[in-house]
Amino acid sequence: MFKSCIESDSRFGRGLVTTETVTKGEIVVEEIPFARGPKQNSGIVCLGCYCNLQFDDDGDSVDRCSKCDWPLCAFCTDSSEHQFECKTFADANVRFAGNVGEDGVCSQLDCITPLRVLLAKEAEPERWEQEVASMEYHDKERRENTDFWHADLVNIAQYLRGPCKLGERFSEDLIMQVVGILEINAFEARTDQGYALRCLYPVTGILAHNCVPNTTRSIYPSEDFKIRLRAMVDLDPGQPLHHSYTYTLEGTAQRREHLKAGKYFECDCERCKDPTELGTHFSSFKCSKCDDGWLLWVNPLDSHTEWKCTNCDFKTTNEAVQKAITVMQTEAAEIQAMDMSPERLEETEKLLKKYRSVLHPLHFIQTSLRQNLIEMYGRVEGYEMVELPDVLLERKEELCRQVLRVMNAFEPGLSRFKAMILYELHVPIVLLAKSAFLAGILTGLKLKEKLSEAIDILKECVDVLQYEDHQSHEGVLGLVAKQAMNQLIQSIENLGAQEEINDNDDRGDEDDDDDDDDEKNDDSS
């Protein structure tokens with residue numbers, strides 16, 4: 001049905017490749033989750049809808065299942081999500097304690113999603129054997145991470161086999177295999193109400209990683225959390241399918257460390273190998289010894305590499321660079337932890353200006369600060385969109401265009417994040433154009449050109465977000481963007497109609513002048 005298949009690679013193991021030409025936006029994989037449940041290390045959540053629940057210090061709450069006594073909100077009393085583990089807990093007479101640690105984590109709920117996978121294994125043994133059992137779970141590497149392994153062993157495996165009385169049904173090794181499969185392969189999803197959960201997709205889960213992905217995924221809570229994987233760009237037959245398992249807008253060192261710690265591999269994709277990160281200089285520093293040089297690492301794949309200036313002989317260590325980055329990230333995090341306020345916006349601008357003398361303009365720290373500013377301009381008190389003077393509208397437009405320069409390199413084609421920035425970009429373009437037109441700076445023709453530019457921007461936004469679940473935040477924004485695009489199209493049509501009326505009036509005035517001249521000539525006769 002779909003133009004992809006599973007192939008094995010001697011280096012990367014199983015992965016997906018295209019079987020024929022794939023057009024941008026075309027579905028290459030579609031599947032429903034094998035199981036789904038709460039994220040690990042969460043607080044107390046409803047086991048039906050995943051909303052946050054409040055339990056007192058003694059573990060008391062009215063939000064409990066009447067059959068097993070585990071957390072369930074009043075709206076989920078007949079939840080199909082919870083029915084499987086409900087019988088297990090009721091039969092074992094194991095009670096939910098409602099304890100939450102100082103870190104806000106309820107470790108007793110860590111067993112829920114692994115248990116749902118185990119119960120799904122019993123319900124669908126063929127699918128387990130064909131799709132799930134062979135999924136990577138990095139047993140050796142996880143065992144070496146002693147503290148986390150031991151916590152999972154006690155909180156999940158021993159808890160299910162002991163108090164929950166499942167020892168005869170599930171071995172310790174099997175339970176720890178499931179825990180590992182979830183840790184390595186599960187995807188985060190959101191309910192219609194925006195509550196987080198994780199889902200296990202056996203086919204999508206084996207997708208290879210690349211820091212410049214060629215696929216984008218959308219999860220549809222209204223369709224039983226079905227996932228659809230689409231091509232971000234046009235693909236040739238036999239081309240490996242990639243997705244990014246880390247945050248696109250992090251620097252190379254940060255992405256590689258995240259992947260090593262969470263996915264147990266070191267990425268060596270083209271972006272990671274390139275000291276300039278595909279020409280963006282996303283991790284580059286300004287040289288402190290000369291005016292025109294950029295400080296780049298000699299080998300980004302080596303944590304002990306040197307950093308060398310492109311213009312002079314200055315060198316420094318990777319340790320010194322990463323220490324400087326940590327200091328700057330800490331300073332930025334303190335500001336971003338503030339409530340949305342004029343003070344936070346102004347402090348972010350100050351920090352962006354402060355780092356200009358140290359970082360490349362497109363450095364990932366600068367890009368992160370710009371993201372925050374884009375979100376705040378137009379929403380913070382005193383900086384609402386209708387109140388922004390032209391100079392700040394121009395500022396927001398500039399911020400959007402700078403972030404898009406990076407995104408065009410790292411997520412070409414159908415990028416959901418890029419679509420969000422495109423929507424932000426169209427607003428200042430339209431407001432600035434209308435302001436200039438009313439001030440007599442722009443002609444009607446130039447106004448139409450600017451509005452047409454905004455329409456093209458919105459069209460690209462809509463082309464991406466049309467594939468999202470219409471009840472999700474992104475899906476709703478796609479519908480809003482489409483409405484805004486249609487309104488701008490109507491505005492241009494109205495401008496054209498008004499110009500035609502004005503032209504007719506001008507011609508009418510000319511005719512009247514001709515009539516007056518004729519009358520004068522008659523009088524002279």
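**Salt bridges in a predicted model**

Let me start with Lys-354, which at 45% relative accessibility counts as partly exposed, meaning that it falls between buried, under 20% relative accessible area, and exposed, over 50%, with a 1.4 Å probe and protein chains only. This is a predicted model, in which local features need pLDDT of at least 70 and side-chain atom pairs count only at pLDDT 80 or more, while totals for chains, interfaces and linings use all residues. Residues are numbered from 1 along each chain as its sequence is written, and side-chain values use heavy atoms, with hydrogens and water left out.

Lys-354 meets Glu-331 in a salt bridge of 2.8 Å, N to O, the term standing for a side-chain nitrogen of Lys or Arg within 4 Å of a carboxyl oxygen of Asp or Glu. The pair links distant parts of the chain, with Glu-331 in helix H9 (residues 318-336) and Lys-354 in helix H10 (residues 342-354), 23 residues apart; helices here are DSSP runs of H or I, at least four residues, numbered from the N terminus.

A second salt bridge joins the side chains of Arg-256 and Glu-266 at 3.4 Å, N to O. Arg-256 lies in helix H7 (residues 252-263) and Glu-266 in the loop between H7 and helix H8 (270-273), so the pair ties together parts ten residues apart in sequence. Arg-256 is buried at 12% relative accessibility, whereas Glu-266, at 45%, is partly exposed.

Turning to the whole structure, a search finds 40 salt bridges, and Arg-36, Glu-81, Glu-85, Arg-116 and Asp-224 are linked in a network of them.

Notes
Helix = DSSP H or I, 4+ residues; strand = E, 2+ residues; numbered from the N terminus.
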